[in-house]
Amino acid sequence: MNRSKGAAALLSALVFPGVGQWYLGRRRLALLFALPALVAGYVYLNFALDEANALTGQLLSGTLPLDPAALAAKLEARPTPLAVTLSGWVFALCWVGSVVEAWLRKPAP
């Protein structure tokens, strides 16, 4: 079955990194893009949820006023761990890499 590399690139761009490679039948390459992206997404989302929980706790206890400017200042003042920054880069590289690889893939003979 001859599948479109354009459709594969769109799947990787709009669904998740590696989905386009899976669609093309390139399972190992799909996992090469998807697994690091999943781990990076987990690290990134776990950090975001921890930050949201901490902020919510401060709001509910009354130690932080319910003021959008104060909330923004509090979030900007907290440092982002290196692992979270790196996970964002890893996810972006997997995403872009899987789209580009699907688009530049040579058609099957």
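A residue is called buried here when its relative accessible area is under 20%, exposed when that value is over 50%, and partly exposed in between. Keep in mind throughout that the coordinates are those of a predicted model.

With that cut-off in hand, select S87, which is found in helix α5; its relative accessibility is 5%, and because this is under 20%, S87 counts as buried. Now show what surrounds this side chain: once residues up to four places away in sequence are set aside, S87 touches A40, V43 and Y44.

Stay with helix α5, which spans residues 82-104, and move to F91. Which residue forms an aromatic pair with F91? The partner is F16, with the ring centres 5.8 Å apart and the planes at 70°, and since an angle over 60 degrees counts as edge-to-face, that is the class of this pair. A search of the whole structure finds 1 aromatic pair. F16 belongs to the loop between α1 (5-14) and α2 (19-23), whereas F91 belongs to α5, so the pair ties together parts that are 75 residues apart in sequence.

Next, select P17, which lies in the loop between α1 and α2. Is P17 buried or exposed? At 1% relative accessibility, P17 counts as buried. Beyond its neighbours within four places in sequence, P17 is in contact with S12, F33, A34, A37, F91, C94, W95 and S98.

Two arginines make the next stop. Display R3 together with Y23, where R3 lies over the face of the ring at 4.8 Å from its centre, and then R27 together with W22, where R27 lies over the face of the ring at 4.3 Å from its centre.

Finally, select helix α3 (residues 27-61) and helix α4 (residues 68-77), which pack at an angle of about 140° with their axes 12 Å apart. That angle makes α3 oblique to α4, and α3 passes α4 in a right-handed crossing. To see where the two helices meet, show L55, Q58 and L59 in α3 against L71, K74 and L75 in α4.

Notes. Residues are numbered from 1 along each chain as its sequence is written. This is a predicted model: local features need pLDDT of at least 70, side-chain atom pairs count only at pLDDT 80 or more; totals for chains, interfaces and linings use all residues. Side-chain values use heavy atoms; hydrogens and water are left out. Rings of Phe, Tyr and Trp (its six-membered ring) pair if their centres lie within 6.5 Å; planes under 30 degrees apart count as stacked, over 60 as edge-to-face and the rest as tilted. Helices (H or I, at least four residues) and strands (E, at least two) are DSSP runs, numbered from the N terminus. A charge sits over a ring if NZ of Lys or CZ of Arg is within 6 Å of the ring centre and within 35 degrees of the ring normal. Axes are lines fitted to C-alpha atoms, for helices over the stretch in contact, and angles run from 0 to 180 degrees between N-to-C directions. Angles under 35 degrees count as roughly parallel, over 145 as roughly antiparallel, 65 to 115 as roughly perpendicular and the rest as oblique. A crossing is left-handed if the near helix is turned anticlockwise from the far one by less than a right angle, and right-handed if clockwise. Contact means heavy atoms within 4.5 Å. Buried means under 20% relative accessible area, exposed over 50%, partly exposed in between (1.4 Å probe, protein chains only).
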